[in-house]
There are 2 protein chains.
Amino acid sequence: MTEPRWLDAAQQRDWRAYVEGSVRLADLLDRDLKSKHGLTMAEYEILVRLSEAPERRLRMAELAEVASQSRSRLSHTVSRLECKGLVARNNCGADKRGVFAELTEDGFAFLSKAAVDHVAAVREFFVDVVDPADLQAIGRAFTAIADRVAKAR
Amino acid sequence: MTEPRWLDAAQQRDWRAYVEGSVRLADLLDRDLKSKHGLTMAEYEILVRLSEAPERRLRMAELAEVASQSRSRLSHTVSRLECKGLVARNNCGADKRGVFAELTEDGFAFLSKAAVDHVAAVREFFVDVVDPADLQAIGRAFTAIADRVAKAR
DNA sequence: GCAACCAAGTTGAAAATTCAACTATTCCTG
DNA sequence: CAGGAATAGTTGAATTTTCAACTTGGTTGC
């Protein structure tokens, strides 16, 4: 049995600052989006990814991957978005198992409005609060983390 | 109506890297803790905060604050931890409305074991993956963000 | 000392998420 | 090309989280 390598004081401080800050930021952005547009961040993310995809549609599995969600969760969430008329499901001709999720015109218009407020909040509580060099450090760091996590799967 | 100030390409890249990386990291740490010890990060956080408090106990409201959780959520979660015997509730003499959540002996022992694995995972997927200077930048940045969010309330 | 207000905490229902099957289809391998 | 393994996606139940009351007790102004 190996001795656990604890974090040193500075590492612990930084890690904890991150946990607290990220939870509070996510909470605030979620509430903001929900109160103004009735969307959660996860739903917003789905709409964004669809809006950027060719023909504004993606296979469910691919959408789950880029939106960092489980397939089950995506399935439920897309059903909700479908009820609101923001997304539509279509069968995929090539693979009969496959399903495309497609952003509707309404969905695109809705997203365009929500994005304005969301980006403003991201600025106000993230981008504009952080030193530009630190922002780059965050980009680097979380790219490396995402890679590391992906490698573990 | 003002023109929305969109993020520039680099800001957008960094923001998105952060969103993706943080979601995936949280997901992994949650699964790790859950599979090895049956705890979520939120529950773990509660136990940690209690373990560090004088007499290993805190008033519910204070615990909610330091653990970045709503009072309602905390109330439910503490009930679950109470069922597992890790936490106990005691009335507060001074304020009859008040309730202390207190870490039990079992809770402390349990946390001691869980912490070893959790810290190892935090190292493996966060601390050791990030350049030390970038880690400091993250600490700075999320401290500022937490302050900014707190100021908005 | 009482009326109005505020703070602490809980509760139960509604909404969201996870988990473990399950169906249907495609891929692979002998 | 048959049969098993793997992939896509959904479903429903269990768990967790959110939301809006609600109860109880403390505080303040008069």
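What follows starts at the contact between the chains and moves out to the DNA.

A: This is a predicted model. Start with the contact itself. Chain B puts 43 residues into it, and chain A puts in 44 residues. On the side of chain B that touches chain A, three elements each give at least two residues: helix 1, helix 5 and helix 6 of chain B. Helix 6 of chain B gives the most, with 15 residues. By class, this side of chain B holds 27 nonpolar, 7 polar and 9 charged residues.

Next, the core. The largest nonpolar core has 40 residues. Within this core, Ile138(A), Ile145(A), Ile138(B) and Ile145(B) touch the most other members.

Zoom in on Ile138(B). Leaving out residues up to four places away in sequence, Ile138(B) touches Asp14(A), Tyr18(A), Ala137(A), Ile138(A) and Ala141(A). Ile138(A) is also one of the core residues that touch the most other members.

Step back to one whole chain. Chain A has 6 helices and 3 strands. Along the sequence, the pattern of chain A reads α-α-β-α-α-β-β-α-α. Taken along the principal axes, the C-alpha atoms of chain A fill a box of roughly 55 × 40 × 25 Å. Chain A has 153 residues, and 33% of them are buried. Among contacts in chain A with a separation of 6 or more, 46% join residues 24 or more positions apart.

The strands of chain A come next. Strand 1 (residues 57-59) and strand 3 (residues 99-103) of chain A pair in the antiparallel sense over 3 bridges. Strand 2 (residues 87-91) and strand 3 of chain A also run antiparallel, joined by 5 bridges. Phe100(A) in strand 3 is the bridge partner of Arg59(A). Phe100(A) also stands opposite Asn90(A).

Now the DNA. How many residues surround DNA strand C? There are 23, and the closest are Ser72(A), Met60(B), Ala61(B), Ser72(B) and Ser75(B). Helix 4 (71-83) of chain A, helix 3 (60-66) of chain B and helix 4 (71-83) of chain B each supply at least two residues of this surface. Helix 4 of chain A has the largest share, 5 residues. The surface near DNA strand C divides into 4 nonpolar, 9 polar and 10 charged residues.

DNA strand D is surrounded by 23 residues. The closest are Met60(A), Ala61(A), Ser72(A), Ser72(B) and Lys96(B). Here helix 3 (60-66) and helix 4 of chain A, along with helix 4 of chain B, each supply at least two residues. Helix 4 of chain B gives the most to the surface near DNA strand D, with 5 residues. That surface has 4 nonpolar, 9 polar and 10 charged residues.

One residue of helix 4 of chain B is Arg80(B). Arg80(B) counts as exposed because 12 other C-beta atoms lie within 10 Å. Arg80(B) and Glu43(B) are 37 residues apart in sequence, yet 9.3 Å apart in space, C-alpha to C-alpha.

Last, two backbone details. Most residues other than glycine have a negative phi. Ser68(A) is not a glycine, but has a positive phi of about 55°. Ser68(A) sits in the loop between helix 3 and helix 4 of chain A. Ser68(A) is partly exposed, with 19 other C-beta atoms within 10 Å. Arg56(B), also not a glycine, has a positive phi of about 55°. The loop between helix 2 (41-52) and strand 1 (57-59) of chain B holds Arg56(B). Arg56(B) has 19 C-beta neighbours inside 10 Å, so Arg56(B) counts as partly exposed.

Note on methods: Residues are numbered from 1 along each chain as its sequence is written. Chains are lettered from A and ligands numbered from 1 in the order in which they are written. This is a predicted model: local features need pLDDT of at least 70, side-chain atom pairs count only at pLDDT 80 or more; totals for chains, interfaces and linings use all residues. A residue is near a molecule or strand if its C-beta atom, placed from the backbone, lies within 6 Å of it. Helices (H or I, at least four residues) and strands (E, at least two) are DSSP runs, numbered from the N terminus. Ala, Val, Leu, Ile, Met, Phe, Trp, Tyr, Cys and Pro count as nonpolar, Asp, Glu, Lys and Arg as charged, and the others, Gly among them, as polar. A nonpolar core is a set of buried Ala, Val, Leu, Ile, Met, Phe, Trp, Tyr and Cys residues joined through C-beta atoms within 7 Å. A residue is buried if 20 or more other C-beta atoms lie within 10 Å of its own, exposed if 12 or fewer, and partly exposed in between; C-beta atoms are placed from the backbone. Two residues are in contact if their C-beta atoms, placed from the backbone, lie within 7 Å. Two strands pair if DSSP finds at least two bridges between them.
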